[in-house]
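Please open the model in your viewer and keep the sequence beside it.

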Amino acid sequence: MKVLLDTCVIYPTVMREVLLGVAAQGVFEPLWSARILEEWALASRKLGPLGEVQARGEIAQVRAAWPKAEVRWKPSLEQRLWLPDANDIHVLAAAVAGSADVIVTENAKDFPRGVLAEEGVSRVDADGFLRGLFEAQPGLVREACEGVLAEARRLSGEDWTMRALLKKARLPRLAKALEKAAEAG
């Protein structure tokens, strides 16, 4: 399954790390464009003077890890597409050019399902996407989440719980599903 990751799910660190951790397990093939990655770098300026520098380093790492993920297209593709927010047309163009099955975005209002269906693509938020993947591949998703949790603990020095980390990362349904599965044994 090919999955176009919008900037709004790549920029937040924990959300990105969970998504890419699951992708690294072979559950899906991530896609993005140079513009999406550039939006991530520019959004990282909000984190302070080193935010963009750090993001550019992380961007180099994801490009190296997924050399075939970056999608390119002819300008004529964007000219024939329409979305309520013209600034998001490049995201749909990347999905179409990359033959994506789904766009993972937190920006539902700017990606109407009917418009996307005409292009053969659907959309889902990151929490719903990951929750669905957990139902299909619980061990692989759990493993990816455990890796992100361990790294969050290492980097922050805090004793994060899975539920707290994922809730903070706006992945509450995934957090609940992981917790429920852990309780069930």
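Select Asp 127 and Arg 173, whose side chains meet in a salt bridge with 3.0 Å from N to O, a salt bridge being a side-chain nitrogen of Lys or Arg within 4 Å of a carboxyl oxygen of Asp or Glu. This pair links distant parts of the chain, with Asp 127 in helix H8 (residues 126–136) and Arg 173 in helix H11, 46 residues apart; helices (H or I, at least four residues) and strands (E, at least two) are DSSP runs, numbered from the N terminus. Asp 127 is buried at a relative accessible area of 3%, while Arg 173 is partly exposed at 41%, where buried means under 20% relative accessible area, exposed over 50% and partly exposed in between (1.4 Å probe, protein chains only).

The model is predicted, and local features need pLDDT of at least 70, side-chain atom pairs count only at pLDDT 80 or more, and totals for chains, interfaces and linings use all residues. Residues are numbered from 1 along each chain as its sequence is written, and side-chain values use heavy atoms, with hydrogens and water left out.

Next, select Arg 163 and Glu 179, which form a salt bridge whose closest N and O atoms are 2.8 Å apart. Here too the pair links distant parts of the chain, Arg 163 lying in helix H10 and Glu 179 in helix H11, 16 residues apart. Arg 163 is partly exposed at 30% relative accessibility, and Glu 179 is partly exposed at 33%.

Move on to Lys 109 and Asp 110, whose side chains meet in a salt bridge of 3.4 Å, N to O. Asp 110 is buried, with a relative accessible area of 9%, whereas Lys 109 is exposed, with 65%. In the whole structure, a search finds 16 salt bridges.

Now turn to the backbone and select Arg 170, which has a positive phi of about 65 degrees although it is not a glycine. Arg 170 sits in the loop between helix H10 (162–168) and helix H11 (172–184). Ser 99, also not a glycine, has a positive phi of about 55 degrees, and its place is in the loop between helix H6 (89–97) and strand S4 (102–104).

Finally, select Cys 8 and Cys 145: how far is the sulfur of Cys 145 from the closest cysteine sulfur? The distance is 18 Å, to Cys 8, which is too far for a bond, a disulfide being a pair of cysteine sulfur atoms within 2.5 Å. Cys 145 is buried at 1% relative accessibility, whereas Cys 8 is partly exposed at 24%.
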